[in-house]
Amino acid sequence: KAVAESRASRSTGPSPEEIAKLPQWEMNALTRGRSEGQVQVFNKSGVAIAAQWSESSGTWIEVGEVTGTNENAGTVDGARYDHVFDVEVEVPAGGVRKLKIGYNNGENPFVVAQKFIDDNMLSQGDLAQIADYIRQRAGASAPTLGMDAGGGGGGGPPAGFPSAPVPMDASPSYDHIPMRGYKTFDSGADPKGLSRVVSKVRELNASSPRPLPPSLADDALDSLASVLAATSRYHSSSVPDAGLEAVRRMVSDWDAASAFPALDLARIAVLHPDASSSGRRGYWDDVLSSAMGLCESLGPGGCRSEVAVPMLTMRLVANSYRGGPGSSSSAGAAAERALGCVALCSESSNRNVRLGAATALLNASSHMASSGAAAGGTAAAAAAGRAVEIAASMLRSGRYEAEASVRALVAMGTAMLVPGEAGAAARRTAGEV
């Protein structure tokens, strides 16, 4: 009877208890999809809904209500899977942690196992045994990692698991922090939007004391705009060097009153894989340094009252972390200066500037958390602590709208979970602010 009731429940959809554990739809901005078309289940006013990730817009698009599932399917942290398996992890101090592995038909068990280890901060040494368990996708009882077959769990782990105890890392894990991935500002990457930006560049170039030469102001900009507008071809297209050089010169040579359309082009270009490749690290060092210089030139008062340069600088910094290895490494190396610009812009009277500042802060914190190897240095510790200070200031100000406040809060939590001394410094700072 119990089995029949369980199957009936599965066929009619998730139970109220399962729905209650799903991430809230109102907070969906905290969860970034892993790939285009990924399906995620959310709790929307007590109803389980499915949403699909749109990589181009960086948002979840509601698909419809979840009304049923097969017997083995389930959700893990709101994501829907063909199979969900229980795993218990022995805690060194005694007891167990109860975890779930989600697996979809056709996935590589080792890839799924690695993600499970990363998400739950488990020992890398358990990769093979977790992958073996996923491959088997069966067992009368949930395996307890770290216990031998005769342990008190009853039944022991399935065949293929080692009988010797396996040390496990029982560090806590959280649903929404640390932030994994990056938020972006990718609107305007279309022919109409780029045409407006290029037209503004040419208008300002005509009166600039340091104008672009015709070779850069004309064909080079048109070619750049054409490539950036074809977003569906980013995987195979190349960005023209002359177009990037035009952007660099404008950001470097023009003043804050004129450089804003160049910042907008840079914001879009940095999301192109070729433009932000590792070979262009030096290019983004120059562009980001010049962009932050424009922001700094406005001073606290200018960053509070002006809109274009502060907003576009923050959006460029935020997008740089999401770009390729060239731009992301450049932004990471300039973390201290970037955070200084975030602090300047954080007091803006304009909501779009504030959202840009909160997003740049969030992406900077996410980059710190994912760059592990560099997380133990003095500079990293100072940056993590500074991120917490800025986030706290944003939240205390009372000026931040809901989305910007959420991003500031997640930035703070992410900075506090940076590995090593950097995270420890952030946690100490959080105790002081």
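Me: What do buried, exposed and partly exposed mean here?

Reply: Buried means under 20% relative accessible area, exposed means over 50%, and partly exposed lies in between, using a 1.4 Å probe and protein chains only. Before we go on: this is a predicted model, where local features need pLDDT of at least 70, side-chain atom pairs count only at pLDDT 80 or more, and totals for chains, interfaces and linings use all residues. Residues are numbered from 1 along each chain as its sequence is written, and side-chain values use heavy atoms, leaving out hydrogens and water.

Me: Thanks! Which class does Asp253 fall in?

Reply: Asp253 counts as partly exposed because its relative accessibility is 30%.

Me: How many salt bridges are there?

Reply: A salt bridge is a side-chain nitrogen of Lys or Arg within 4 Å of a carboxyl oxygen of Asp or Glu. By this rule there are 16 salt bridges. One of them joins the side chains of Arg210 and Asp253, at 3.9 Å from N to O. That pair links distant parts of the chain, 43 residues apart: Arg210 is in the loop between helix H5 (191-207) and helix H6 (214-229), and Asp253 is in helix H7 (residues 241-253).

Me: And how are the helices numbered?

Reply: Helices are DSSP runs (H or I, at least four residues), numbered from the N terminus. Within helix H7, Arg249 and Glu245 are about one helical turn apart, because 4 residues separate them. Their side chains meet in a salt bridge at 3.0 Å, N to O.

Me: Which residues form a network of salt bridges?

Reply: Asp241, Asp274 and Arg280 are linked that way.

Technical notes: Helices (H or I, at least four residues) and strands (E, at least two) are DSSP runs, numbered from the N terminus.
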